[in-house]
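Please open the structure in your viewer and keep the sequence panel beside it. The stops below go from the whole chain to single residues.

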Amino acid sequence: MTELKQTPGLTKVLQRTPLYAAHAALKARLVEFGGWEMPLNYGSQLDEHRAVRTEAGMFDVSHMCVIDVTSSAGSQGAQTFFRYAAANNVDKLKATGRALYSCLLNSAGGVVDDVILYFFNEDFFRIVVNAATAPHDINWLNQLKEQLEFDASIDLKIHVRRDLAMLAVQGPQAREKVWQVVPVAENGSQALKPFGFTVVPNTPFGEMMLARTGYTGEDGFELIVPSETVESLWQALNQVGVRPCGLGARDTLRLEAGMNLYGQDMDEHTSPLDSGLRWSVDLAAARDFVGKEALLRAGQHTAWVGLILRPNGSAGGVLRAHQKVITPEGEGEITSGTFSPTLRQSIALARVPLNVCVGMTVQVQIRDKLVPASVVSLPFVRHGKVLVS
């Protein structure tokens, strides 16, 4: 899907997705992200953000890595593998066409990566992993495969699908726009619930996997197609009014939706219990999984909250990652922060002492000033509606 190329003005050799030419034609501002040359915006980041909240926008997410894990028919080896490899419980996936968000943990309970697992059957799972962590994830999965020491009759394969590309089409009009471009997909996907997916074999863009998932807090699909057809899909969606959007809008959208960014809000040294991801870790089931013992032993040390910089503190700047949070219970730290286009206020995700609760006022150190911020529950915004005050 990609080849290594030297980007003018940059010192690193970056990878490019099959949509690089389309981004360049739209005069996108290109930046490095996880070793890839990706569009930050195509002009107004604010307009891109608003398009997703009110209409429909699309993101090139082909830098993310699709991995198929399969086992010999009838062996249930793939499901056995993910019972051990994933912190969430894949036994929750009872029927083909359901997906599950989970963390992959190391033995110390740190987050190797956060992934979505797609269940085809007990012998076929597809996962999508983050771009920057993909090489490490692939090595990690192969190490776990060796640890499980499958019976010789179980042929477990980990297949990296760099022949596939991925688009995220998000917003209140997203699904209708996709059906305009791929009408054969409407019947199979109209009834999909969130975290459901279907595969449509004969679209104008080849076999297409449509998943009702996303990273914006809005409805829509993530579409996986052959890399050689993704540009024609991109152009067709653009022609029906789906606005191209870059990493800048994707970041403000996900932050408003209270969604974590790997490497910033969580990493291999941070427990998911301290990153607002307890809901994605199944500690109750009897099964063992990588990192379970460490999580049970350590427990939760911090609370995961939202912060809003209050008007009387707005002159103090914008909430950003790594700023110190001073609370009556001790100190914490902002992990992600930005100016919210929807709230028109500065917002942040923060890791704070356990006894800090919603409704408290805390102080954030911005340069040499302490500015007040309110502790709120997450998310800030979902489906276009502001959920905090």
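The tour begins with the whole chain, then turns to one helix, the nonpolar cores and a few backbone details.

This is a predicted model, in which local features need pLDDT of at least 70 and side-chain atom pairs count only at pLDDT 80 or more, while totals for chains, interfaces and linings use all residues. Residues are numbered from 1 along each chain as its sequence is written, and side-chain values use heavy atoms, with hydrogens and water left out.

**Whole chain.** Show the chain as a cartoon, where the secondary structure comes to 9 helices and 23 strands (DSSP runs numbered from the N terminus, helices being H or I of at least four residues and strands E of at least two). The C-alpha atoms fill a box of roughly 60 × 50 × 45 Å along the principal axes. Of the 389 residues, 56% count as buried, where buried means under 20% relative accessible area, exposed means over 50%, and partly exposed lies in between, with a 1.4 Å probe and protein chains only.

**Helix α5.** Select residues 174-181 next: 6 of the 8 residues of this helix are buried, so α5 is largely enclosed by the rest of the structure. Its buried residues are Ala-174, Arg-175, Lys-177, Val-178, Trp-179 and Val-181, and what covers them includes β11 (164-170), β13 (206-211) and α7 (230-239).

**Nonpolar cores.** Now select Phe-59, Leu-105, Tyr-118, Val-128 and Ile-224, which have the most contacts inside the largest nonpolar core, a set of 32 residues. Such a core consists of buried Ala, Val, Leu, Ile, Met, Phe, Trp, Tyr and Cys residues joined through side-chain atoms within 4.5 Å. Among the elements that each supply at least two residues of this core are β7 (98-105), β8 (111-121) and α8 (247-256). A second, separate core of 29 residues includes Ala-28, Ala-165, Val-169 and Trp-234. Returning to Leu-105 and leaving aside its neighbours within four places in sequence, you will find contacts (heavy atoms within 4.5 Å) with residues including Ala-85, Trp-140, Pro-272 and Phe-289.

**Backbone details.** Most residues other than glycine have a negative phi, and most peptide bonds are trans. Go to the loop between α4 (134-148) and β10 (157-160), where Glu-149 lies; Glu-149 has a positive phi of about 50° and, at 66% relative accessibility, counts as exposed. Phe-195, in the loop between α6 and β12 (197-203), has a positive phi of about 65° and is partly exposed at 29% relative accessibility. Finish in the loop between β21 (369-376) and β22 (381-382), which holds Pro-379; the peptide bond from Leu-378 to Pro-379 is cis, with omega near 5°.
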